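Thank you all for coming.

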Amino acid sequence: MTHVVITGAGSGIGEATARRLAKRGFSMSLFGRNIDSLKRVAEDTNSKFFKVDVTNEEEVKEGLKEAVSANGEISILINNAGAAESAPLSKTDRKLWDRMLGVNLTGVYLCTRESLIYLTQDGLILNISSTAGLTGYKYVTAYCAAKHGVIGFSKALSEEFKGTKRRVNVICPGYTDTALFRDSIKKTSEKTGRSEEEIKKEFLKNAKLITPDDVAKVVENFCDEKVLNGEVKVVGDF
């Protein structure tokens with residue numbers, strides 16, 4: 001049985017991924033901080049759920065231990081948990097910076113490092129970065145820095161996996177219609193004094209808004225063994 005661990009599984013891309021992979025009959029462990037959301041998705045997908053803050057090392061260790069106890073060795077880890085707070089750099093204080101690097105980059109490091117103990121010899125680590133990991137966007141310097149870090153982290157790990165059957169891959173979605181995207185627009189509006197509609201138009205000036213399921217489809221494709229170690233896929237225009 002293929003055992004998949006998905007972080008940030010209670011909403012957005014994580015939820016869409018869980019729903020899509022459930023149709024393939026995978027055994028899934030859903031990680032997140034919102035118990036109500038996790039429980040809802042778990043019930044709909046016949047999955048196990050675990051309250052795990054990916055920035056908390058002990059919660060990550062315990063969550064993975066319990067997930068393996070429930071569902072066996074890990075075949076696929078999908079590092080999806082993330083957050084996007086926005087502010088001009090002049091208003092990006094240390095707490096915001098640490099939050100962005102914590103959930104978007106340190107969480108990937110912690111979950112990946114600890115999962116290696118339980119990962120099958122042909123296992124897959126799939127990291128959800130962003131087009132913000134490939135270029136720069138206004139008002140999200142901390143987020144961009146973290147997402148660039150995810151890509152660098154993944155490329156380095158792919159070198160460690162060479163000569164083995166294990167893989168690490170990265171998906172870089174463009175602007176995705178999630179609560180995270182809408183909240184980012186709202187907070188940018190509050191901190192810059194510009195209207196939400198104006199900010200949304202600027203964000204999408206050279207890009208299209210994609211859906212969580214658009215990304216989940218790509219995640220499903222990456223679960224196929226034909227995808228090579230180290231491959232990076234961009235989803236959506238940017």
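**Strands, rings and spaces**

Let me begin with β2, α2 and β3, which together make a right-handed β-α-β unit; right-handed here means that, with the strands pointing away from the viewer, the path from the first strand over the helix to the second runs clockwise. Before I go further, please keep in mind that this is a predicted model, in which local features need pLDDT of at least 70 and side-chain atom pairs count only at pLDDT 80 or more, while totals for chains, interfaces and linings use all residues. Residues are numbered from 1 along each chain as its sequence is written, and side-chain values use heavy atoms, with hydrogens and water left out.

The helices (H or I, at least four residues) and strands (E, at least two) are DSSP runs, numbered from the N terminus. Strand β2, residues 27–32, and strand β3, residues 48–51, run parallel and are joined by 4 bridges, where strands count as paired if DSSP finds at least two bridges between them. Within this pairing, L30 has F49 of β3 as its bridge partner.

Now to the aromatic rings, of which 2 pairs are counted, under a rule that takes rings of Phe, Tyr and Trp (its six-membered ring) with centres within 6.5 Å, and calls planes under 30 degrees apart stacked, over 60 edge-to-face and the rest tilted. The ring centres of F31 and F50 are 5.8 Å apart and their planes stand at 80 degrees, so this pair is edge-to-face. Because F31 lies in strand β2 and F50 in strand β3, the pair ties together parts that are 19 residues apart in sequence. Both F31 and F50 are buried, where buried means under 20% relative accessible area, exposed over 50% and partly exposed in between (1.4 Å probe, protein chains only).

In the other pair, the rings of Y137 and Y175 have centres 5.4 Å apart and planes at 40 degrees, so the pair is tilted. Y137 is in the loop between β5 and α5, and Y175 is in the loop between β6 (167–173) and α6, so parts 38 residues apart in sequence are tied together. Y137 counts as partly exposed because its relative accessibility is 23%, whereas Y175, at 15%, counts as buried.

On a 1 Å grid over the protein atoms alone, a cavity is a set of points where a 1.4 Å probe fits but cannot get out, a pocket is an open set with protein on both sides within 12 Å along at least five of seven lines, and lining residues have an atom within 4 Å of a point. Grid points are joined across faces, edges and corners, and a volume is the space filled by probe spheres set on the points.

The largest pocket holds about 1200 Å³ of space, and among its 48 lining residues A81, G82, A83, A84 and L180 lie nearest its centre. Helix α6 supplies the largest share of that lining, 6 residues.

The second largest pocket holds about 300 Å³.

Finally, the search finds 1 cavity of 30 Å³ or more, with about 40 Å³ of space in the largest cavity. Its lining includes T7, V54 and N79, and α4 gives the most to it, with 4 residues.
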